Amino acid sequence: MVKLPSIESLALRLKLRHLQIALALRDAASAKEVAAAANVSESAVSKTLAELESQLGFRLFEGIGNAKRPTEMGRQVLPMMEAVVAQARGLAQTVMDVRGGHQGELRIGVATDMGKLSLAPLIHGFNQAQPGVVLDVQAGGYRAMADLLLDDKLDALVCYDAPELIAPGRGRLRLVAPQPLVVVANARLSPLAARRRLTLKDLHAQPWCKPRPGTMMHDKLTALFLRVDLGLPPRGIQVSDLLLTDEFIRSTDYLVMLPLAAAQRLTRAAEAVILPVDLHEHNPPTIIAWQRAAERHPPLHLFLQFCGAPQDGKTIE
């Protein structure tokens, strides 16, 4: 078993330029290419690698002709070296931001209608509390946004909770509890608006703003009508944008299925009504998800602190 002083001693001897050269050798075709990119001699590259391998106590690479490939031990430690170098770059970026009076950039994705409704006041409050953080908010489909989060192209994602987000490497903060799903219609134009009792068969014959295939809401709407041996309503259009859906409800006789809070936003102005039919369906909780490895990124840390005190039904996992 390695004693703690030995670990500390090794950590003190490792230098960032050693790790950078090792990673460059892993990715380049030859040591000559690495030397040219680093503006040093090829012998200096070889010396740096030899110093690092001496400190580690094993070889990182084995020669194959003029190229090098990682040894088995090298394959185990090179990803960790890459993480250390990435963190050093992140530290450098933070230092530059602080020098310039900024607190860095926060990239937030939103992939749900409830997320869009929840995020605006949240972002406004955070922007007032932390004006030095540059905010970049992107909207898109769940799968595309989740891929951006997993590829470290987003710092946080506001979305419906999903099984693939439950993992040791990911954090999750509940923003909005599950909402009942309801059907909304134009209060003046829809022939169903004045009805006191409706069935799914009544709804099926009407024109709809239907969610796009592959989305959670599309699956729920399809399952809803399959329960009464009907397919997806044949009339209507596919709409993925919440604001565009709102406009259709305000000006046409299209129906739409929405979480209760989103529906109530339309009914407050008396432009729309919630139809009297119990769907017996809820959407999942709305959450903020993030990669735990990025929690120390200062803007993300500030945002999670701002959002995350468990209050008003919010819980962190």
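User: Why is Asp147 called partly exposed, rather than buried or exposed?

Analyst: Welcome! Buried means under 20% relative accessible area, exposed means over 50%, and partly exposed is anything in between, using a 1.4 Å probe and protein chains only. Asp147 has a relative accessibility of 34%, so Asp147 counts as partly exposed. Before we go on, please keep in mind that this is a predicted model: local features need pLDDT of at least 70, side-chain atom pairs count only at pLDDT 80 or more, and totals for chains, interfaces and linings use all residues. Residues are numbered from 1 along each chain as its sequence is written, and side-chain values use heavy atoms, with hydrogens and water left out.

User: What makes the pair Asp147 and Arg143 a salt bridge?

Analyst: The term asks for a side-chain nitrogen of Lys or Arg within 4 Å of a carboxyl oxygen of Asp or Glu. For Asp147 and Arg143 the closest N and O atoms are 3.3 Å apart, and the pair forms a salt bridge. Arg143 is partly exposed as well, at 42% relative accessibility.

User: Where do Asp147 and Arg143 sit along their helix?

Analyst: Both belong to helix H7 (residues 142–150), where they are 4 residues apart, about one helical turn. Helices here are DSSP runs of H or I with at least four residues, strands are runs of E with at least two, and both are numbered from the N terminus.

User: How many salt bridges does this rule give?

Analyst: The count comes to 15. One of them joins Arg292 to Glu295, with the closest N and O atoms 2.8 Å apart. Arg292 has a relative accessible area of 31%, so Arg292 is partly exposed, and Glu295, at 25%, is partly exposed too.

User: Which residues are linked with Arg26 in a network of salt bridges?

Analyst: Asp27 and Glu82 are the partners in that network. Between Arg26 and Asp27 the closest N and O atoms are 2.9 Å apart. Arg26 has a relative accessible area of 25% and is therefore partly exposed, whereas Asp27, at 57%, counts as exposed.

User: Why are helices H2 and H4 called roughly perpendicular?

Analyst: Let's begin with the angle. Axes are lines fitted to C-alpha atoms, for helices over the stretch in contact, and angles run from 0 to 180 degrees between N-to-C directions. The axes of H2 (residues 16–27) and H4 (residues 42–56) come within 9 Å and cross at roughly 110°. Under 35 degrees counts as roughly parallel, over 145 as roughly antiparallel, 65 to 115 as roughly perpendicular, and the rest as oblique. H2 and H4 are therefore roughly perpendicular to each other.

User: Which residues meet where H2 and H4 touch?

Analyst: Contact means heavy atoms within 4.5 Å. Among the residues that meet are Leu19, Ile21 and Leu25 in H2, and Val45, Leu49 and Leu52 in H4. By class, this contact has 7 nonpolar, 3 polar and 2 charged residues. Here Ala, Val, Leu, Ile, Met, Phe, Trp, Tyr, Cys and Pro count as nonpolar, Asp, Glu, Lys and Arg as charged, and the others, Gly among them, as polar.

User: How do you know whether His124 is buried or partly exposed?

Analyst: The relative accessibility of His124 is 49%, so His124 counts as partly exposed. His124 lies in H6.

User: What is noted about the phi of Asp229?

Analyst: Asp229 has a positive phi of about 60° although it is not a glycine. Asp229 lies in the loop between helix H9 (216–226) and strand E9 (236–238), and at 73% relative accessibility Asp229 counts as exposed. His280 also has a positive phi, near 55°, and is likewise a residue other than glycine. The loop that holds His280 runs between strand E11 (272–274) and strand E12 (286–291). With a relative accessible area of 63%, His280 is exposed.
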